[in-house]
Amino acid sequence: MHAPVRKSSLVAVVGAVAYALALVTPALAGNAGFAPVTPDSPNAHSITDVYWFITGFVLFVLVGVEGVLVAFVWRYRRRKRARNADGPQIHGSTRLESMWTLIPVAIVVAVATFVFVKLPGIKNVPSANAAAGRLEVTVTGQQFSWQFTYSNGAVAIDRLRVPVDEPVHLTVTAPDWDVIHSWWIPALGGKIDAIPGRLNHTWFTARKLGTFGGRCAELCGVQHAAMLMTVEVMSRAQFEQWEAQRLQQQESRTAKDTLGQEEWTGSCGKCHGLSGQGLVGPSIAASGIVQNETQLTALLRNGLRRGSKAPMPPVGRGWSQAQLDALAAYLKERFGS
Ligand code: CUA
């Protein structure tokens, strides 16, 4: 009568163990598993340290609790007792009760202490009078691109260029008419929300040349998944050259191949397709608006509320005239005649 019950629970246990074992290998497999990406900024280093410190206790608790559970299930199993007979009754153990109170308290104290020691190195922006200087960039998240505004006025979309080994202070925000986004370059530090009407602060110091990928980490609308960003780390000289050139192009209205192209790719292409063929937004390749600067400016500044199905956000409402010109010039060349 009882045999089928026991058989099916045995099958369930064996199944669960097999499933857990199958998960172990991928779980341990570096960045594709539960390990964080390799940090390349001091604040990201501190976050990774905290991660591994807590993971140590997590594994200790998991193995300890599950081990004792399995041992007790075995040690105090029914054996030949009748199914309805009580097992041995055990009351009180001061030593055991003290241990299962003090060990968790010690773990909580250790974790809290470690986190509070590491926190300033994660949160506090290094001061500007440090030897290396400090780069100031305003990061604006909007549906569905990231705009970077440098203190000299240079603008970039979705690709943040910075010098290597220098603290970069980011003021992260979103326009009043937009929604909340979240800035996140895993190798260069933790997440920080981009909230309409609020200025949040974060920083990083990239320790090596190259590019680092990131993504918007707050569900922000239909193209949230396309809201990717790249940090390009270059030498100080290369960076200065890029920044001066971008600014000069903006001011002389010749930024169509650089800023204009970035705006098309970042602000238009994610919804309308990189060839304007239509994606979640309508096809605009053949639309007269892309070549009429007045209509284009009005559309970018006001957006479009076509019913409630697919409204177009006012992606260019906060743009400078130079930014609008750059896009108009790019579109004219790309889709002209
Ligand atoms: Cu912006 Cu998700």
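Leaving aside its neighbours within four places in sequence, Val231 touches Leu160, Val162, Trp183, Ile185, Leu188, Phe204, Gly210, Thr211 and Phe212, where contact means heavy atoms within 4.5 Å. The model is predicted, so local features need pLDDT of at least 70 and side-chain atom pairs count only at pLDDT 80 or more, while totals for chains, interfaces and linings use all residues. Residues are numbered from 1 along each chain as its sequence is written, and side-chain values use heavy atoms, with hydrogens and water left out.

Val231, Leu160 and Trp183 are the residues with the most contacts inside the largest nonpolar core, which has 35 residues. Such a core is a set of buried Ala, Val, Leu, Ile, Met, Phe, Trp, Tyr and Cys residues joined through side-chain atoms within 4.5 Å; buried means under 20% relative accessible area, exposed over 50%, and partly exposed in between (1.4 Å probe, protein chains only). Elements that each supply at least two residues of this core include strand 1 (135–142), strand 4 (159–163) and helix 4 (236–251). Helices (H or I, at least four residues) and strands (E, at least two) are DSSP runs, numbered from the N terminus. Strand 10 gives the most to this core, with 4 residues. Apart from it lies another core, of 14 residues, among them Cys268, Leu300, Trp319 and Leu327.

The whole structure has 0 disulfides, a disulfide being a pair of cysteine sulfur atoms within 2.5 Å. For Cys268, the nearest cysteine sulfur is that of Cys271, 9.1 Å away. Cys268 is buried, at 8% relative accessible area.

Charged side chains link several parts of the chain. There are 14 salt bridges, each a side-chain nitrogen of Lys or Arg within 4 Å of a carboxyl oxygen of Asp or Glu. One of them joins Asp158 and Lys270 (2.6 Å, N to O). Asp158 is in the loop between strand 3 (155–157) and strand 4, and Lys270 is in helix 5 (residues 259–272), so this pair ties together parts that are 112 residues apart in sequence. Asp158 is buried, with a relative accessible area of 14%, and Lys270 is buried at 12%.

Asp325 and Arg253 form another salt bridge, with their closest N and O atoms 2.6 Å apart. Because Asp325 lies in helix 7 (residues 321–335) and Arg253 in the loop between helix 4 and helix 5, parts 72 residues apart in sequence are tied together. Here Asp325 is buried, at 18%, whereas Arg253 is partly exposed, at 45%. Salt bridges that share partners also join Arg159, Arg161, Glu232, Arg246 and Glu262 into one network.
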